[in-house]
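Visitor: I am new to this structure and would like to learn how to read it. Could you take me through some features, one at a time?

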Amino acid sequence: LRTPQAPPRPCGRGGHPDARGGRRPRRRPRPPATSAAMGPECFNATDLSAIGVLVPLTGTGDSTRWKALACAALLAVSQANARDGSVVPSFSQPPLLRSKLSAQLFDTKYTLHGGLEAFTAAQRARSAALVGPYRSTISTALASLGAYLHLPIVSYGSSSVVLSDDVRYPTFARTYPTDGDNAAVIIATLRGFGWNNLIILHVDDVWGATYADLIFARAVHCGLPEPRLISFMFKNDESARAAVRELSQQSANIVVLLAFGPDLPGIFNEADALGLLDGSHAWIGSFDWAPSSVNAHVDAGRIPPATAAKLEGMLQAGHAPNAERLGVFRRSFALLSPDACEAMAPELSGMDASLFSDPPDDAAFAFDAAAAVSLALRKSQAYHHHHHHQVDDFYTARAVRDISFAGASGGVSFDGNASKRAGYVRARRQRRLTHAIGAGGEGDRNVESLALELRSFRLVGSTGRLGEVHVPLHFSADHCVATLSPEVAGMIWPGGASKPPRDAIDVQEEEERRRQERQRALVWKLCVGLGVPGVLLLTSGVALLISYFRLQSRRKQLLWRSSRMPLHFSHCDPGGKYHLFLSHTWLSGQDQVHLIKRRLTTLAPSMSIFLDVDNLQEFGHLAEEIAASDVVLLFLSRGYFASKACAIEYEAAVRLGKPLILVHEGNENKGGLPLEQARRDCPEPLREAVFSGRPIVSWQRSDAFQQIALKRIVAEVLVACGCDLPRSVARRNLHATAPTDGGNAAPSAGPAGFEDGMKPETWLSGTAGLFARLSLPTVSALRGEKVDHGAISLGSDALYLHKEARLVPKLRAGPLTLAFSRHNHGAREIALEIASLVAGCSAAEWPLAGPLDGRVVPLLLLDATTFGGDCGEDLADDVRQWCAQVAASREPPQEECSAVALRPSFSSSLGGSSRRSGGGRAASPTRRNSLSRRPSLSRLPSLSCARGPVEPPLLLHAALAEETRGCSVRRGIPRAAHQLKTAVRRAAAPSRR
């Protein structure tokens, strides 16, 4: 700094010698952008007796508090001039002041722009050092200017750790503890109360963002879960309200508030409107605002008195002035009066006399900041006097950091050691960066002499105004837990409670653990109490219920098997348009997809289905139609993944997370392809999303297996759309056997899926006749509560169709002969196998030799070779003979009779007509033979003849030759015969009616 007699010089010119003895000129820091904007003429030579005090006299809504801080700073300068050592004993010790100090107030208006204006005014007044400012955002800008001008700045409220950088801010110091020190106190206090999950609500500026990061890091360092950070803009009421609304949607109820006085109305008014001040949430903040700030807002009408009353029990934690030294300062401050403060500075007019008996605690830090500047200027004046005007520009700044004295808040020193010991490493969750913060600088205050304090807001008497109660704290060994004093037991908490709020997340976790324990105990009691008899009784009841449902009247559409009620579909999203989107390529799948839509329209009339030829208006709207659909069906045929239109459809479905149903066309002669090839054709980035963990529905050209596939599709749509399922639908797997992976997986129905000893109620319940296996529902049903669709896997056997195969309830008793033709390949083996397994049943070749007792049932095996080859015409002649003998001797209709033992349903008529055989149509599923070799099988009753009553043929549909990928039908004959034994045994058994 230059001598008072030196003339002004432009900013940023020339170097200066290093007072520490170095020969190299000290490099002047690069001027900040703000200095260039001000111009060189605004910086004047300094006066070693002039002190600038930067204080927000306006713009805060609480001018009383800031006037008290300004008066405390002026009191320190006054006592330094008077050598009054009542508060600071160093004032009465040498060296003496060579010239009296003068202090002038400059209003920062609590904004960055106001702080720059106050700094400019202080420079024009030739201030040799500055006391303030309060906000860290303002101090960050002014400290850069101070470093460029070698101007010492001592703040009484700026706590951001950004200002600890000694390289960027070599002339900055502060008497207030850093945010790193206070963050440790806040986390220790939270852990002392047993709170673990917190939300940090902070102002989005240099101070608030850095302070929130410090608390975040300290919480992780002490083993707490990572807090949620919610920010708002400074002095923006709408931003503060939006942040509180976001806070109300979180599960945590422990709120750490980092805000300034102007932000309080928006925060507390919105919190009161949302019920966050009624005792459900605990609020804890820093010492950057006081109850007087709330009272000032109440007086101005910005906060209702009822809302302010609900703040009783709010906490603040941090480092506070030493109680002993603070008492000395308060006794000295009490000697002042409003007139005395106004005499020191006219801006301090209108102060309340009661303020001098109980000044804010921050006034002690302001007093110490002015005292530090006064002692440093006294030392600089002495150095200037003894060294004949050769004064180093950095001398006063170094003098500030080198002094140590007993101040109003405690022992004041600027070595920063305490902050360095409290430093820690923070790992940011979002950026995954690791860097040290809160390490402390040479201008940071040593906090060892300060006290740890918890403040709780209280209503003062019947005035309705807020005050505060001070409770001392003590650190544990690891500085992560604070030991609370017994005074905490008598505290009042938000909502008037006598106990602190519990951590909501911890309470939820505890309740969940207790609920799970109760459920486990209940399940154990049920298992022990009911045991095997209960399980058997429940199984019997479910079996009887299923049997009763199967005997009900049939419908033309799919019904709920449990209630026989129609299916009702709902949309996943409110704007849904279609329940099912049919994605296919016209090259190989158009005819079958059209068939799928036509069949589904009949089975589920209330299902809305999208098909491009029927519903698409413009090609460019494919992605929009996908978005309006609940489920997307991909018909995997040749060329599907090569189609551009299909690519748009399945890419949009994967991107939007739509449920997918994969229908595989495996017949290569009909446009199909192997499943593995379809997997390879799928683009690699989408392959996992399309195929992983999804059931594959096999599409066949047989009506029997199409029924199964269609029921599977309807079941998947029901689950995906989240419809209201009947309460009897269980929470177990109700899916029919289906491949979940391509290639080697077994087909959805067929001989390989049967088990030995399976009951007829199981393998006869599906729509595919003998070979359609549908698993039985599980016995556990919902008890009326709301259905959780994510826990239900709905299968096709939960649905009912009236065309399902069933046993004829009335069959006449007596011996039974199965007649087979030697021209029917495979029928002989099946007839002999059945005859060996069923009592009272025999097998005989047609034509029958000799008279036979009982009934005669011809057995006809239908497969791909039936009525084909050299024996086809001979087999057709045998079938015509059966029909002729049946027609030749009809019995009266009133006699007990039955059309066929089983009522299968097939896709085309054996005789090429639409006449039914036993309620259904029979034909070979894979090959059309000559019309001359396909005799007509009419629905005829049982008849009697010379060799016994001849009944219509028992049709065995061997359609799985195609399903087993070309395997011989012979390989499935023994198992098929074994599956038929129970049905035939029932046919031969005497009627109990």
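Visitor: Is R241 buried or exposed, or partly exposed?

Guide: Buried means under 20% relative accessible area, exposed over 50%, and partly exposed in between, with a 1.4 Å probe and protein chains only. R241 has a relative accessible area of 21%, so R241 is partly exposed. One caution: this is a predicted model, where local features need pLDDT of at least 70 and side-chain atom pairs count only at pLDDT 80 or more, while totals for chains, interfaces and linings use all residues. Residues are numbered from 1 along each chain as its sequence is written, and side-chain values use heavy atoms, leaving out hydrogens and water.

Visitor: Where is R241, and which residues is R241 in contact with?

Guide: R241 lies in helix α7 (residues 237–248); helices are DSSP runs of H or I, at least four residues, numbered from the N terminus. Contact means heavy atoms within 4.5 Å. Setting aside neighbours within four places in sequence, R241 touches G266, N269 and E270. R241 and N269 are 28 residues apart in sequence, with 8.2 Å between their C-alpha atoms.

Visitor: How is the span of helix α23 checked?

Guide: The expected span is 1.5 Å times one less than the number of residues. For the 19 residues of α23 (residues 703–721) that gives 27 Å, and the end C-alpha atoms are 27 Å apart, which agrees. Of these 19 residues, 17 are buried, so α23 is largely enclosed by the rest of the structure.

Visitor: How do α17 and α23 pack?

Guide: Axes are lines fitted to C-alpha atoms over the stretch in contact, and angles run from 0 to 180 degrees between N-to-C directions. Helix α17 (residues 590–603) meets α23 at about 70 degrees, with axes 11 Å apart. Angles under 35 degrees count as roughly parallel, over 145 as roughly antiparallel, 65 to 115 as roughly perpendicular and the rest as oblique. The pair α17 and α23 is therefore roughly perpendicular. Among the residues that meet are L595 and I596 in α17, and L710 and I713 in α23.

Visitor: What about α13 and α14?

Guide: Helix α13 (residues 362–386) and helix α14 (residues 395–402) cross at roughly 130 degrees, their axes coming within 8 Å. That makes α13 oblique to α14. The α13 side of the contact includes A372, A376 and Y383, and the α14 side includes Y395 and V400.

Terms used
Helices (H or I, at least four residues) and strands (E, at least two) are DSSP runs, numbered from the N terminus.
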